[in-house]
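Hi everyone, thanks for coming. Please have a look at the sequence and the structure on the screen, and then I'll walk you through them.

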Amino acid sequence: MFYLLRRFIYAIPILLGVALLCFSLVHIAPGDPLVSVLPPDASEDLRRQLTALYGFDKPFLEQFLHWLTRALHGDLGTSIATNRPVMSEVMTAVINSVRLAAVATLIGFTFGCLFGFVAGYFRDSAADRTASFLSVFGVSMPHYWLGMVLVIVFSVFLGWLPATGAGPGGSGDWAWDWEHIQYMVLPAVTMSVIPMGIVARTIRALVAEILSNEFIVGLKARGLSELAVFRHVLKNVAPTALSVMGLQLGYLLGGSILIETVFSWPGTGFLLNSAIFQRDFPLLQGTILVLAVFFVLLNLLVDALQTLFDPRIQRN
Amino acid sequence: MEMTLTKPAALPVVQRSPGYWTTVGRRLLRNKLAMLAALILLALVLMAIFAPVLMPADPYAASILKRLKPVGTEHYLLGTDELGRDMLSRLMLGARLSLFMGITPVLIAFAVGSALGIVAGYAGGWTNTVIMRLVDILYAFPSVLLAIALSGTLGAGVGNALLSLTIVFVPQIVRVAESVTTQVRNREFVDAARASGASSLTIVRAHVLNNVLGPIFVYATSLISVSMILASGLSFLGLGVKPPEPEWGLMLNTLRTAIYTQPWVAALPGAMIFLTSISFNLLADGIRSAMEIKD
């Protein structure tokens with residue numbers, strides 16, 4: 001309990017650091033931050049007015065605190081490109097990304113666990129070698145290329161699935177019917193490959209290590225069925241496996257930009273992409289902040305769950 | 001009592017046991033898959049180095065008339081890209097930038113990260129806390145997001161992309177380095193060395209380094225394939241290498257719209273990235289099992 005509380009309190013300076021880094025990103029960018037707002041022939045007066053309006057003339061720390069207080073109230077500024085509040089843009093995008101990531105996670109973890117357990121239990125057999133090879137395959141795959149290849153096979157050659165987009169009428173209305181899900185199939189499968197590889201590798205190593213322990217022999221000697229032994233293996237695998245899965249989920253959410261670009265899926269990655277190329281700094285700052293905070297909180301949750309599963313964990 | 005001088009029995013011939021690294025090398029050589037991967041990588045590196053000599057055509061010569069020719073066209077063995085440039089030549093020359101951008105960030109991160117991590121692990125106390133907390137803040141970002149955020153704000157270009165990737169990998173290496181160094185530092189021989197009056201620098205050089213650099217190096221090699229995919233990914237998004245330089249990720253980007261007309265040609269650069277990445281991973285796996293490091 002104490003450990004959890006400490007971990008929770010410790011997350012606060014991390015979050016502050018993350019916020020500071022997000023905020024500073026705009027200030028390390030070369031060039032004038034106002035270049036996307038000002039017309040090229042702006043007068044000095046207009047420039048001064050806008051600088052004061054955006055607060056760029058105030059000291060860095062003051063700007064940061066100002067931005068932070070507003071962010072804590074849910075106001076992340078207004079997007080320069082669309083003039084809509086950043087928070088609503090980001091939230092819509094987050095929902096789309098989460099939908100995709102959830103499905104990808106399901107596929108990736110299911111198959112990853114399957115391959116991992118098979119490889120770990122039947123060590124050095126043909127099944128193990130196949131499963132291991134598949135997981136190396138998954139880990140080495142440039143996922144944006146896999147996305148393109150799947151589009152080539154399933155959209156261009158076979159015409160079974162749509163190539164881009166999140167739904168027939170844009171992403172505004174989502175329903176869990178085939179008409180919408182067919183748009184999700186290719187991106188979700190593409191996104192699941194790398195996590196599947198990593199999860200499979202981790203579980204294989206874990207299972208092999210646990211099975212080589214003496215207590216397994218002891219359990220079997222006492223007459224436990226394979227199934228019962230499996231339950232013990234499961235309990236030992238769970239903490240590390242959960243930690244890896246949590247990290248992968250965070251990776252999927254934060255790193256979805258490449259796949260969302262290939263499939264034009266209107267999630268946070270896609271939003272980041274347009275923010276970068278339109279030099280839309282409020283949107284960029286807001287999106288990165290939301291994603292990073294999400295990741296930190298997710299890690300916190302995973303740590304808490306780990307402690308629940310494995311009481312031996314004593315971090316010092 | 002009679003003292004007989006007996007000839008001493010022939011002493012057993014003392015054989016020097018092969019050193020650790022020789023054993024590792026031998027084990028690695030026996031691993032066929034790893035050796036295959038090493039051969040492929042060697043071929044790729046040689047292709048990159050000798051590209052200007054090996055190229056059949058000018059990789060920058062564009063011709064709208066000759067755009068998007070399929071694989072197996074006369075004079076253009078692997079087809080042409082969307083501007084009519086020979087794919088084979090561009091893939092060969094592109095190996096240079098792709099390999100460079102994949103390996104360099106990991107090398108720099110290995111140097112910087114190991115230094116920071118070893119210092120943090122050996123010194124302990126406040127130094128450790130400060131370094132590790134700063135690393136934690138960077139570590140709080142998913143790597144792809146951090147790379148893209150940094151690249152996006154610094155702007156496109158090879159230098160900026162290299163800087164972003166290095167910053168992404170340093171925290172990971174620092175963590176591994178610090179953890180391993182802390183373990184070594186708590187071993188008895190370090191205490192013994194300190195008791196015999198050795199200075200910290202001597203202890204680090206003589207005892208810590210050779211125990212610590214091995215595992216860190218193995219971890220770093222597993223990062224190379226990630227670095228390649230990420231570097232090409234940055235170019236794929238338009239944030240890394242700028243056109244018309246050939247680089248596999250950038251080529252994938254510009255060929256994206258061509259998947260409807262010339263899918264095989266469009267998929268080629270990605271196949272190269274995949275081939276390199278999987279070779280690095282298989283080799284790294286081979287090295288790891290040869291060194292018998294358990295994950």
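**A walk through two chains**

Let's start with chain A: buried residues make up 38% of its 316 residues. Here a residue is buried if 20 or more other C-beta atoms lie within 10 Å of its own, exposed if 12 or fewer, and partly exposed in between, with C-beta atoms placed from the backbone.

Some housekeeping. This is a predicted model, where local features need pLDDT of at least 70, side-chain atom pairs count only at pLDDT 80 or more, and totals for chains, interfaces and linings use all residues. Residues are numbered from 1 along each chain as its sequence is written, while chains are lettered from A and ligands numbered from 1 in the order in which they are written.

How confident is the predictor? The complex gets an ipTM of 0.81 and a pTM of 0.83. For chain B the mean pLDDT (the predictor's confidence in each residue, from 0 to 100) is 83, and 94% of its residues reach 70 or more. Do keep in mind that where pLDDT is low, the predicted coordinates should not be read in detail.

Back to chain A. It has 12 helices and 0 strands; helices (H or I, at least four residues) and strands (E, at least two) are DSSP runs, numbered from the N terminus. Its C-alpha trace spans about 85 × 55 × 35 Å along the principal axes. Of the contacts in chain A with a separation of 6 or more, 74% are between residues 24 or more positions apart. Two residues are in contact if their C-beta atoms, placed from the backbone, lie within 7 Å.

Now, how many residues of chain A are in contact with chain B? There are 39, and they meet 34 residues of chain B. The elements giving two or more residues to this side of chain A include α1 (2–28), α5 (126–140) and α12 (281–309). By class, that side has 32 nonpolar, 7 polar and no charged residues. For the classes, Ala, Val, Leu, Ile, Met, Phe, Trp, Tyr, Cys and Pro count as nonpolar, Asp, Glu, Lys and Arg as charged, and the others, Gly among them, as polar.

Let's zoom in on α5(A). Its 15 residues should span 21 Å at 1.5 Å a residue, and its end C-alpha atoms are 21 Å apart, which agrees. The expected span is 1.5 Å times one less than the number of residues. Among the buried residues of α5(A) are Ala131(A), Ser135(A) and Val139(A). The buried residues of this helix pack against α4 (86–121) and α7 (178–211) of chain A, together with α9 (200–236) and α11 (263–291) of chain B.

Is Thr105(A) buried or exposed? Thr105(A) is buried, because 23 other C-beta atoms lie within 10 Å. Thr105(A) and Ser192(A) are 87 residues apart in sequence, yet 6.2 Å apart in space, C-alpha to C-alpha.

Leaving aside neighbours within four places in sequence, Phe280(B) is in contact with Leu41(B), Ile224(B) and Ser225(B).

Next, the loop between α9 and α10 (248–254) of chain B, where we find Leu239(B). Leu239(B) is buried, with 25 other C-beta atoms within 10 Å. In sequence, Leu239(B) and Ile148(B) are 91 residues apart, but in space they are 7.9 Å apart, C-alpha to C-alpha. Not counting residues up to four places away in sequence, Ile148(B) touches Leu237(B) and Leu239(B) and, across in chain A, Ile257(A) and Leu272(A). The loop between α9 and α10 of chain B also has Pro244(B), which a cis peptide bond joins to Pro243(B), with omega at about 5°.

Second, Ser264(A), in the loop between α10 and α11 of chain A, has a positive phi of about 50° although it is not a glycine. Ser264(A) is partly exposed, with 14 other C-beta atoms within 10 Å.
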